[in-house]
Amino acid sequence: MSIRDIVILPDPVLKEVCAPVAAVDDEVRALLDDMLETMYDAPGIGLAAIQIGIKKRIVVIDVSKDEDEKAPICLINPEITWTSEDTSTYEEGCLSIPEYYEEVERPAACKVTFLDRDGKEQALDCDGLLATCVQHEIDHLNGVLFIDHISRLKRDRVIKKFAKAAKRGEMPEFKSRRGNEPATERPLAE
Ligand code: NI
(Lines give C-alpha, C1' and ligand atoms only; values in the text may rest on other atoms or scores of the structure.)
Protein backbone atom coordinates (compact mmCIF):
# COMPACT_ATOMS: atom_id res chain seq x y z
CA MET A 1 0.00 0.00 0.00
CA SER A 2 1.17 3.51 -0.62
CA ILE A 3 -0.02 7.07 -0.27
CA ARG A 4 -0.50 8.69 -3.67
CA ASP A 5 -0.25 12.36 -4.64
CA ILE A 6 -3.59 14.12 -4.88
CA VAL A 7 -4.34 16.13 -8.04
CA ILE A 8 -5.16 19.75 -7.20
CA LEU A 9 -7.32 22.35 -8.98
CA PRO A 10 -6.88 23.64 -11.73
CA ASP A 11 -5.31 20.42 -13.09
CA PRO A 12 -7.35 19.67 -16.25
CA VAL A 13 -7.40 15.95 -15.42
CA LEU A 14 -10.16 16.78 -12.89
CA LYS A 15 -12.48 17.64 -15.81
CA GLU A 16 -12.09 14.27 -17.52
CA VAL A 17 -14.77 11.59 -17.70
CA CYS A 18 -13.57 8.28 -16.25
CA ALA A 19 -13.88 4.90 -17.93
CA PRO A 20 -15.74 1.94 -16.42
CA VAL A 21 -13.66 -0.82 -14.84
CA ALA A 22 -13.80 -3.92 -17.06
CA ALA A 23 -12.85 -6.47 -14.40
CA VAL A 24 -12.36 -6.26 -10.65
CA ASP A 25 -8.95 -7.90 -10.32
CA ASP A 26 -5.96 -7.74 -7.96
CA GLU A 27 -4.74 -4.58 -9.69
CA VAL A 28 -8.04 -2.83 -8.90
CA ARG A 29 -7.95 -4.12 -5.30
CA ALA A 30 -4.40 -2.78 -4.88
CA LEU A 31 -5.58 0.57 -6.23
CA LEU A 32 -8.48 0.57 -3.74
CA ASP A 33 -6.01 -0.04 -0.89
CA ASP A 34 -3.84 2.88 -2.04
CA MET A 35 -6.92 5.10 -2.38
CA LEU A 36 -8.09 4.25 1.14
CA GLU A 37 -4.64 4.88 2.58
CA THR A 38 -4.41 8.20 0.72
CA MET A 39 -7.91 9.22 1.90
CA TYR A 40 -7.28 8.36 5.56
CA ASP A 41 -3.91 10.09 5.46
CA ALA A 42 -5.30 13.36 4.01
CA PRO A 43 -7.55 13.05 6.11
CA GLY A 44 -10.72 12.82 4.07
CA ILE A 45 -14.05 11.01 3.94
CA GLY A 46 -14.11 10.30 0.19
CA LEU A 47 -11.74 9.99 -2.76
CA ALA A 48 -12.26 9.26 -6.45
CA ALA A 49 -9.52 7.54 -8.50
CA ILE A 50 -9.29 10.56 -10.83
CA GLN A 51 -8.06 12.57 -7.82
CA ILE A 52 -4.87 10.51 -7.91
CA GLY A 53 -4.78 10.78 -11.71
CA ILE A 54 -6.39 7.44 -12.55
CA LYS A 55 -9.26 7.75 -15.01
CA LYS A 56 -11.32 4.83 -13.74
CA ARG A 57 -14.80 4.77 -12.22
CA ILE A 58 -13.65 3.94 -8.69
CA VAL A 59 -14.54 5.68 -5.41
CA VAL A 60 -13.71 5.09 -1.75
CA ILE A 61 -15.74 6.58 1.10
CA ASP A 62 -15.71 6.40 4.88
CA VAL A 63 -18.12 8.72 6.69
CA SER A 64 -17.78 6.96 10.05
CA LYS A 65 -17.00 9.42 12.81
CA ASP A 66 -15.17 6.98 15.08
CA GLU A 67 -11.49 6.70 14.15
CA ASP A 68 -11.22 3.32 15.87
CA GLU A 69 -14.03 1.79 13.86
CA LYS A 70 -13.31 2.41 10.22
CA ALA A 71 -16.15 1.67 7.81
CA PRO A 72 -14.67 1.91 4.32
CA ILE A 73 -16.98 1.62 1.31
CA CYS A 74 -15.46 0.79 -2.09
CA LEU A 75 -17.60 1.65 -5.12
CA ILE A 76 -16.59 0.38 -8.55
CA ASN A 77 -18.61 1.58 -11.55
CA PRO A 78 -21.15 3.27 -9.25
CA GLU A 79 -24.45 4.42 -10.73
CA ILE A 80 -27.05 6.54 -8.99
CA THR A 81 -30.39 4.88 -9.72
CA TRP A 82 -32.65 7.17 -7.68
CA THR A 83 -32.50 10.54 -5.97
CA SER A 84 -35.03 12.02 -3.55
CA GLU A 85 -36.98 15.18 -4.27
CA ASP A 86 -36.06 16.41 -0.80
CA THR A 87 -32.78 18.22 -0.71
CA SER A 88 -30.23 18.92 1.98
CA THR A 89 -27.37 21.38 2.19
CA TYR A 90 -23.91 20.56 3.45
CA GLU A 91 -20.82 22.67 3.57
CA GLU A 92 -18.65 20.69 1.16
CA GLY A 93 -14.93 20.52 0.69
CA CYS A 94 -12.71 18.54 -1.66
CA LEU A 95 -9.21 17.11 -1.29
CA SER A 96 -8.47 18.53 -4.77
CA ILE A 97 -9.53 22.04 -3.63
CA PRO A 98 -7.85 22.22 -0.22
CA GLU A 99 -9.08 24.62 2.45
CA TYR A 100 -12.07 25.80 0.45
CA TYR A 101 -15.58 25.12 1.69
CA GLU A 102 -18.97 26.13 0.35
CA GLU A 103 -22.56 25.08 0.88
CA VAL A 104 -24.02 22.83 -1.80
CA GLU A 105 -27.65 21.72 -2.08
CA ARG A 106 -28.21 18.17 -3.34
CA PRO A 107 -30.89 15.47 -3.14
CA ALA A 108 -31.08 14.42 0.54
CA ALA A 109 -31.16 10.69 -0.28
CA CYS A 110 -30.09 8.46 -3.14
CA LYS A 111 -29.73 4.84 -4.18
CA VAL A 112 -26.52 3.65 -5.78
CA THR A 113 -25.58 0.39 -7.47
CA PHE A 114 -21.95 -0.65 -7.82
CA LEU A 115 -19.47 -3.52 -7.84
CA ASP A 116 -17.71 -4.23 -4.55
CA ARG A 117 -14.03 -5.22 -4.19
CA ASP A 118 -14.97 -8.83 -4.98
CA GLY A 119 -16.70 -7.76 -8.18
CA LYS A 120 -20.15 -8.51 -6.75
CA GLU A 121 -23.11 -6.31 -7.64
CA GLN A 122 -24.34 -4.33 -4.67
CA ALA A 123 -26.93 -1.65 -3.95
CA LEU A 124 -26.85 0.93 -1.20
CA ASP A 125 -29.51 3.31 0.16
CA CYS A 126 -27.84 6.54 1.21
CA ASP A 127 -28.98 9.50 3.25
CA GLY A 128 -27.42 12.27 5.32
CA LEU A 129 -23.72 12.89 4.83
CA LEU A 130 -23.29 9.59 2.97
CA ALA A 131 -25.82 10.65 0.29
CA THR A 132 -23.99 13.93 -0.24
CA CYS A 133 -20.59 12.23 -0.27
CA VAL A 134 -21.69 9.55 -2.79
CA GLN A 135 -23.04 12.25 -5.13
CA HIS A 136 -19.90 14.39 -4.72
CA GLU A 137 -17.62 11.42 -5.54
CA ILE A 138 -19.67 10.18 -8.51
CA ASP A 139 -19.58 13.74 -9.86
CA HIS A 140 -15.77 13.40 -9.92
CA LEU A 141 -16.08 10.40 -12.27
CA ASN A 142 -17.90 12.67 -14.72
CA GLY A 143 -15.44 15.55 -14.48
CA VAL A 144 -17.69 17.55 -12.17
CA LEU A 145 -16.45 19.30 -9.01
CA PHE A 146 -18.53 20.62 -6.10
CA ILE A 147 -17.63 24.14 -7.19
CA ASP A 148 -19.62 23.43 -10.37
CA HIS A 149 -22.70 23.51 -8.10
CA ILE A 150 -22.02 26.97 -6.64
CA SER A 151 -22.48 30.42 -8.17
CA ARG A 152 -20.37 31.28 -11.17
CA LEU A 153 -18.94 34.27 -9.36
CA LYS A 154 -17.69 32.15 -6.44
CA ARG A 155 -16.47 29.40 -8.79
CA ASP A 156 -14.48 31.81 -10.97
CA ARG A 157 -12.94 33.34 -7.86
CA VAL A 158 -11.73 30.01 -6.43
CA ILE A 159 -10.42 28.76 -9.79
CA LYS A 160 -8.51 32.02 -10.29
CA LYS A 161 -7.02 31.78 -6.82
CA PHE A 162 -5.82 28.20 -7.37
CA ALA A 163 -4.52 29.00 -10.87
CA LYS A 164 -2.47 31.91 -9.52
CA ALA A 165 -1.13 29.80 -6.67
CA ALA A 166 -0.21 26.96 -9.05
CA LYS A 167 1.78 29.42 -11.17
CA ARG A 168 3.69 30.54 -8.11
CA GLY A 169 4.09 26.94 -6.95
CA GLU A 170 2.16 27.60 -3.75
CA MET A 171 -1.14 26.65 -2.21
CA PRO A 172 -3.72 29.41 -1.90
CA GLU A 173 -4.89 30.47 1.54
CA PHE A 174 -8.55 30.69 2.40
CA LYS A 175 -10.38 31.96 5.38
CA SER A 176 -12.59 28.94 5.88
CA ARG A 177 -16.09 29.23 7.21
CA ARG A 178 -16.27 26.54 9.82
CA GLY A 179 -19.58 24.94 10.79
CA ASN A 180 -20.50 21.98 12.95
CA GLU A 181 -21.14 19.59 10.10
CA PRO A 182 -18.17 17.85 8.56
CA ALA A 183 -17.56 18.81 4.96
CA THR A 184 -17.35 16.15 2.31
CA GLU A 185 -13.92 14.69 1.68
CA ARG A 186 -12.17 16.71 4.34
CA PRO A 187 -13.67 16.82 7.83
CA LEU A 188 -13.92 20.34 9.18
CA ALA A 189 -12.32 19.51 12.53
CA GLU A 190 -8.60 20.01 12.34
NI1 NI B 1 -13.93 16.01 -4.18
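Student: Why is Asn77 called partly exposed in this predicted model?

Tutor: Asn77 has 19 other C-beta atoms within 10 Å. A buried residue needs 20 or more and an exposed one has 12 or fewer, so Asn77 is partly exposed.

Student: Which class, buried, exposed or partly exposed, does Glu99 fall in, and how do you know?

Tutor: The count for Glu99 is 13 other C-beta atoms within 10 Å. Exposed requires 12 or fewer, so Glu99 is classed as partly exposed. Glu99 belongs to strand S5 and has a positive phi of about 65° although it is not a glycine.

Student: How do you know that the length of H2 agrees with its number of residues?

Tutor: H2 has 14 residues, and at 1.5 Å a residue they should span 20 Å. The expected span uses one less than the number of residues. The end C-alpha atoms of H2 are 21 Å apart, which agrees. Just after H2, Gly143 has a positive phi of about 75°.

Student: Why is H2 called largely enclosed by the rest of the structure?

Tutor: Eleven of its 14 residues are buried, so the description applies to H2. The buried residues of H2 include Leu130, Val134, Ile138 and Leu141, and also Gln135, His136 and Glu137.

Student: What makes a set of residues a nonpolar core, and which residues have the most contacts inside the largest one?

Tutor: The members must be buried residues of the listed nonpolar types, joined through C-beta atoms within 7 Å. The largest such core has 45 residues, and Met35, Ala49, Val60 and Val134 have the most contacts inside it. Among the elements giving two or more residues to this core are helix H1 (26-41), strand S2 (58-61), strand S5 (97-107) and helix H2 (128-141). H2 gives the most, with six residues. In soluble globular proteins, nonpolar side chains tend to be buried together.

Student: Which residues are in contact with Ala49, leaving aside its neighbours within four places in sequence?

Tutor: They are Cys18, Leu31, Met35, Ile54, Lys56 and Ile58. Each pair is in contact in the sense that the C-beta atoms lie within 7 Å.

Student: What makes S1 and S7 edge strands?

Tutor: The open sheet has five strands in the order S1-S2-S3-S6-S7, with antiparallel pairing. S1 and strand S7 (121-127) each pair on one side only, and they are the edge strands. The twist averages 40° from one strand to the next.

Student: How do you know that S3 and S6 pair?

Tutor: Two strands pair if there are at least two bridges between them. S3 and S6 have five bridges, in the antiparallel sense.

Student: Where does H1 lie relative to the strands?

Tutor: H1 lies across S1, S2 and S3 and runs at about 40° to S2.

Student: Which peptide bonds are called cis, and what are their omega values?

Tutor: The bond from Leu9 to Pro10 is cis, with omega near 5°, and Pro10 lies in the segment before H1. The bond from Ala42 to Pro43 is cis as well, with omega near -5°. Pro43 is in the loop between H1 and S1. Most peptide bonds are trans.

Technical notes: Residues numbered from 1 in each chain as written. Predicted model: local features only at pLDDT ≥ 70, side-chain atom pairs only at ≥ 80, totals over all residues. Helix = DSSP H or I, 4+ residues; strand = E, 2+ residues; numbered from the N terminus. Contact = placed C-beta atoms within 7 Å. Axes fitted to C-alpha atoms, helices over the stretch in contact; angles between N-to-C directions.
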